[in-house]
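Hi everyone, thanks for coming.

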Amino acid sequence: MHEKNINKICRTYMGFEEFFVTCFFDNIGLYLFILVIILVLLIPIYKKISHSICDPIFFSLTMTAFAYSMPIFLYCLNECSFRNLLYFLMSETVFWIFFFVCRKRKTEFSSYVIENEEIVCRRFFYIAFLLYLVCTIFTYVFVGIPLFANSRQNIYENAFPGMAIFAKLSSFGLSYILFYSFYQVLEYKKKLYMICFVFALLTCLLSGSKGSILAVLYSYFGYKYFFKNEEVKVSLKYYLLIVFFPIGVLLLSFESNAENVSVAFAKLLARFVANGDTYYMAYPNDVIDSLHYSKPFSNLFLGILGPLRLVSYNSVEPLVGANLYWTVVPSNYGIIAGPNARLAVMGWVYFKWMGLLLSACCGWFAAFLMYNSKRFFSNSLLGVFLFFQLYSKSLSILTDPNLLISNLFDIALNIFIYALLFFLTSSFKMRLIKRNEVIMH
């Protein structure tokens, strides 16, 4: 039954939910057992690097646990070869070894701060809010409200050229709006910024993203933990918000067609399990061995090389996730879809056993972004916010190294655009000074 059903799904794959309803429920006990074992094994990592349920790392590790369960689950169903399982285990082990060896746990922010910080941060807020408002209105008018779109992921596909940049600018702007609003509301009790916060929360709902509530939680964590140096505790009502917000999005969206909470909850659970869809598409029938790349480094850094026009998108092979999808569903060739190419899959496709070196490099790079890079940022509200952008994106390298590369380019692009707008609309120059100079002044 297993082999027949799984092979059939591999030939007619139209979404992870097909696997979820045909194979997963038949073996749900086995999957949950494996998931519990993985979560137990990850507890030491949780304790060492996660500081709260609001910590982006907590969410990343939880999604990683669901992903890690899939190769073992497939192996138990005889749908993953021992070689693929061994490489997966070695790849992830090498990543975490280099991550912990290379991280510096006691790094501090730079002793420099921004002169006239209150004015600078307030002006950045005005720019961020105005830019976010314009991008949101343009998106709603010319593209549509993502919540009610047939496919939120492809909402910009038929829009005007360049419209997708609104999503990049909006995400960064939303993060700063939330970060600065927490500062003004929690520190000075200013009601105006509470209105801005409610507006941002409403647009999160209209974005159609079931995980958009995480932007709020992450900003709160970043402000409290890194800027205020305080322990982050979350009350029960916020736990309920975390759970029911994505369910509410599913109930409101046309995409879900859900008529009751139980169906919406099942779809949400399917999304958690779908963190392992990369392995499900790559390992059965050794599909992973059918992918070949002549320019792996160009593909790996396409998120930077492509936008800078240093490499043409047409001159390189499709990204691993899309290539996997088209291999499994050749009738959908050319459709922009597919899973994120997780590290073990990408490493094998690009470099075979030498891909373990990629795992080592990724472990070092994630440690640098999360810990070692802190010393390059000023000990100010804006400096902490910029560091937190790197921190919150760091473990996306586990989800897909290409995703992290794209995220880093987006951060750099936003910093350039916001800095340019700041200097064009300001009569004074922003400069860094030693913290003791501020105290003496």
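Before we look around, one term: when I say that two residues touch, or are in contact, I mean that they have heavy atoms within 4.5 Å. Please also keep in mind that this is a predicted model.

With that in hand, let's go to I304. You'll find I304 in helix α14, residues 302-305. What does I304 touch, leaving out residues up to four places away in sequence? The partners are I405 and F409. F409 sits 105 residues from I304 along the chain, yet their C-alpha atoms are separated by 5.9 Å.

Zooming out, the protein chain has 21 helices and two strands. Of its 441 residues, 51% are buried. Taking contacts between residues at least 6 apart in sequence, 76% join residues at least 24 apart. The accessible surface is about 21500 Å², and carbon and sulfur atoms account for 66% of that.

Now for a helix pair. The axes of α4, residues 56-76, and α5, residues 82-102, come within 9 Å and cross at roughly 155 degrees. An angle over 145 counts as roughly antiparallel, so that is how α4 runs relative to α5. The crossing is left-handed. On the α4 side, the contact is made by L61, Y68, P71, I72 and Y75, and on the α5 side by F82, L85, F88, E92 and W96. By class, that contact has nine nonpolar residues, one charged and no polar.

Thanks, and I'm happy to take questions!

Technical notes
Residues numbered from 1 in each chain as written. Predicted model: local features only at pLDDT ≥ 70, side-chain atom pairs only at ≥ 80, totals over all residues. Heavy atoms only, no water. Helix = DSSP H or I, 4+ residues; strand = E, 2+ residues; numbered from the N terminus. Buried < 20%, exposed > 50% of the residue type's maximum accessible area, 1.4 Å probe, protein only. Areas by Shrake-Rupley, 256 points an atom, 1.4 Å probe, with all protein chains shown as cover. Axes fitted to C-alpha atoms, helices over the stretch in contact; angles between N-to-C directions. Parallel < 35°, antiparallel > 145°, perpendicular 65-115°, else oblique. Left-handed = near helix turned anticlockwise from the far one by under 90°. Nonpolar A, V, L, I, M, F, W, Y, C, P; charged D, E, K, R; others polar.
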